[in-house]
Amino acid sequence: MDSVADNLARAAKVKLMIFDVDGVLTDGSLHFGPDGEMMKTFNVYDGLGIKLLQESGVQTAIISARRSAITARRAQDLGITHVHQGGHDKLTPFRELLALTGLTEEQCGYIGDDVIDAPILRRVGFAVSVPGGRPEALGLAHHVTQAGGGRGAVREICEFVLRAQDNYARVMAPFLE
């Protein structure tokens, strides 16, 4: 892990923040109903954090190994237009995102929690994991959130980026006046 000052400098360069889903936007639990339908729980604080980040001009994306209609619905609700689901190869959709947006790896942040996130964590300018993340992810993270996945980690990192870019007060102002 890097120092807070180093992480603020890294976060200040973020133009695209990419989120893993299971273990990051959720606590990693999968619930199945009596008819086999899968359910996930998302944190509303995380959702508002993503919206505030978008309001500041930072693009957002999801890259998830698991394909889920619930994730697609949550992404749609949050206005996340870059969504890739399905497949353990997360590097290919990451490279496609770079080509699509014209951004560099250094201008991207990624928050992931498992070994399949390692190829992206290794490349982005601002690599983040959650306290319950696997050792492979934690070892590559520049920053580890205090809050756990599905428990406010995404909101925490969105606010960290907002503060690093001096946008926190501006995006919060409409709510605090």
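Reply: Start with the rule. A salt bridge is a side-chain nitrogen of Lys or Arg within 4 Å of a carboxyl oxygen of Asp or Glu. Keep in mind that this is a predicted model. E106 and K13 form such a bridge, with their closest N and O atoms 3.6 Å apart.

Me: Which parts does the pair of E106 and K13 tie together?

Reply: Place each partner first. E106 sits in the loop between α4 (91–101) and β6 (108–111). K13 sits in the loop between α1 (4–12) and β1 (16–19). The pair therefore ties together parts that are 93 residues apart in sequence.

Me: Are E106 and K13 buried, partly exposed or exposed?

Reply: Apply the cut-offs: buried is under 20% relative accessible area, exposed is over 50%, and partly exposed is in between. E106 has 46% relative accessibility, so E106 counts as partly exposed. K13, with a relative accessible area of 41%, is also partly exposed.

Me: How many salt bridges does the rule give in total?

Reply: The count comes to nine. Take K40 and D22 as another case. Their side chains meet at 2.9 Å, N to O. This pair links distant parts of the chain, 18 residues apart. K40 is in the loop between β3 (38–39) and α2 (44–55), while D22 is in the loop between β1 and β2 (31–32).

Me: Are K40 and D22 buried or exposed?

Reply: Both are buried.

Me: What is the N to O distance between K90 and D117?

Reply: Their side chains meet in a salt bridge at 2.6 Å. Here, too, distant parts of the chain are linked, 27 residues apart. K90 lies in the loop between β5 (82–85) and α4, and D117 in the loop between β6 and α5 (118–121). Now check accessibility. K90 has a relative accessible area of 2%, so K90 is buried. D117 is buried as well, at 0% relative accessibility.

Me: Which residues are linked with K90 in a network of salt bridges?

Reply: D20 and D117. Look for shared partners when you list bridges.

Me: Now the surface. Which residues make the nonpolar patch of about 340 Å²?

Reply: For a patch, nonpolar side chains are joined within 5 Å, and each residue needs over 30% relative accessible area. Here the patch is made by L48, F175 and L176. L176 belongs to helix α8, residues 168–176. Its relative accessible area is 69%, so L176 is exposed.

Conventions
Residues are numbered from 1 along each chain as its sequence is written. This is a predicted model: local features need pLDDT of at least 70, side-chain atom pairs count only at pLDDT 80 or more; totals for chains, interfaces and linings use all residues. Side-chain values use heavy atoms; hydrogens and water are left out. Patches are made of residues with over 30% relative accessible area and no salt bridge: like charges are joined within 9 Å, nonpolar side chains (Val, Leu, Ile, Met, Phe, Trp, Tyr) within 5 Å. Accessible areas come from the Shrake-Rupley method with a 1.4 Å probe; for residues, only the protein chains shown count as cover. Helices (H or I, at least four residues) and strands (E, at least two) are DSSP runs, numbered from the N terminus. Buried means under 20% relative accessible area, exposed over 50%, partly exposed in between (1.4 Å probe, protein chains only).
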